[in-house]
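Me: Please take a close look at one part here: the charged side-chain pairs. Then tell me what surrounds them.

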Amino acid sequence: MDIQFPNLHINIENLPKTFSLFGIDIAFYGCIIALGILAGIFLACYMAKITGQDYEQYIDFAIYAIVFSVIGARLYYVVFSWDYYGKHPAEIINIRQGGLAIYGGVIAAVLTCFVYTRIKKISFRKVADTGVYGLVLGQIIGRWGNFFNREAFGGVTGDGNPFAMRIFFGDEYKISQVPDVVRESMETWKGKSLTEIGYIQVQPTFLYESLWNVFVLILMIVFRKKKKFDGEILLWYFIGYGIGRAVIEGMRTDQLIMPVIGWPVSQALSIILSVTALSVVVVKRMRIRKKVKAGGK
């Protein structure tokens, strides 16, 4: 199956989802997630070393965080896709077909960090501030797993979008897999059936999020020496990632929807987290400033 970024003059032919090793099919998605995890651990350990911490405790913590983050990511996805999994309970543990939600993994990682630091009697805020660098790097890399799976894309986009992505139909991507909103938009825009067009042209939201997270990571690194209290880097992550995810989630065609309310759950959560985190940062910094002024009198 082919993928094109026509305005970037990029054409990738016969992009597979898997490769075979000793007769076993291995998904590129899983390999990229694993690469993101390893890179995240490396960065967290590096940040621990330059801040005078014991980097080995981050390797220890990562073992627990990986296990519980995968569980959390799957539970988040299953809970908000219960219309399907309630009828197919045996599929709940079948993660080879996809179905991991990043926010579920983030929530599980933070909770694991809280429990781990309490058991080890070390600072949760300091560990969270250090580990979150690795989390963002893991997200930057991990989003490219969606590229190989041809998923997590947005609605139809015009030829004027420099990042427009064309997904051509082939053996691994059927017209029946195209979301209705994309199918209808493409057929209206091009005036032909998808069979005649031969591809869909969509917003590469996985790319947008990966690039946005690069920006967030750079800001976090630059801001490191300017933080006023432990835990502030984690809060800035929630602010930065939350803002970007809230916007990008609105473009996606595979949103997890909250029952009754009908809102995209990750968009609502992003807004809540970013507003809450920003409020905490503002209040904490104001208190610190008042203490500094009072001490100077």
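Reply: Buried means under 20% relative accessible area, exposed means over 50%, and partly exposed lies in between (1.4 Å probe, protein chains only). This is a predicted model: local features need pLDDT of at least 70 and side-chain atom pairs count only at pLDDT 80 or more, while totals for chains, interfaces and linings use all residues. Residues are numbered from 1 along each chain as its sequence is written, and side-chain values use heavy atoms, leaving out hydrogens and water.

Now the pairs. A salt bridge puts a side-chain nitrogen of Lys or Arg within 4 Å of a carboxyl oxygen of Asp or Glu. By this rule there are eleven salt bridges.

Start with D180 and R183. Their side chains form a salt bridge, N to O 3.9 Å. Both sit in helix 7 (residues 180-190), three residues apart, so about one helical turn separates them. Helices are DSSP runs of H or I, at least four residues, numbered from the N terminus. An α-helix has 3.6 residues a turn, so residues three or four places apart point the same way. D180 is exposed at 52% relative accessibility. R183 is partly exposed at 21%.

Next, D230 and K227. Their closest N and O atoms are 3.2 Å apart in a salt bridge. D230 is partly exposed at 31% relative accessibility, and K227 is partly exposed at 27%.

R245 and E209 are another matter. This salt bridge has its closest N and O atoms 3.9 Å apart. R245 belongs to helix 10 (residues 232-249) and E209 to helix 9 (residues 205-223), so the pair ties together parts 36 residues apart in sequence. R245 and E209 are both buried. Shared partners link R143, E209, R245, E249, R252 and D254 into one salt-bridge network.

Helix 10 deserves a look of its own. Of its 18 residues, 15 are buried.

Last, the packing. A nonpolar core is a set of buried Ala, Val, Leu, Ile, Met, Phe, Trp, Tyr and Cys residues joined through side-chain atoms within 4.5 Å. The largest has 38 residues, and Y133, M220, L234 and Y237 make the most contacts inside it. Among the elements giving it two or more residues are helix 9 and helix 10. A separate second core of 22 residues includes I32, V182, I197 and F206.
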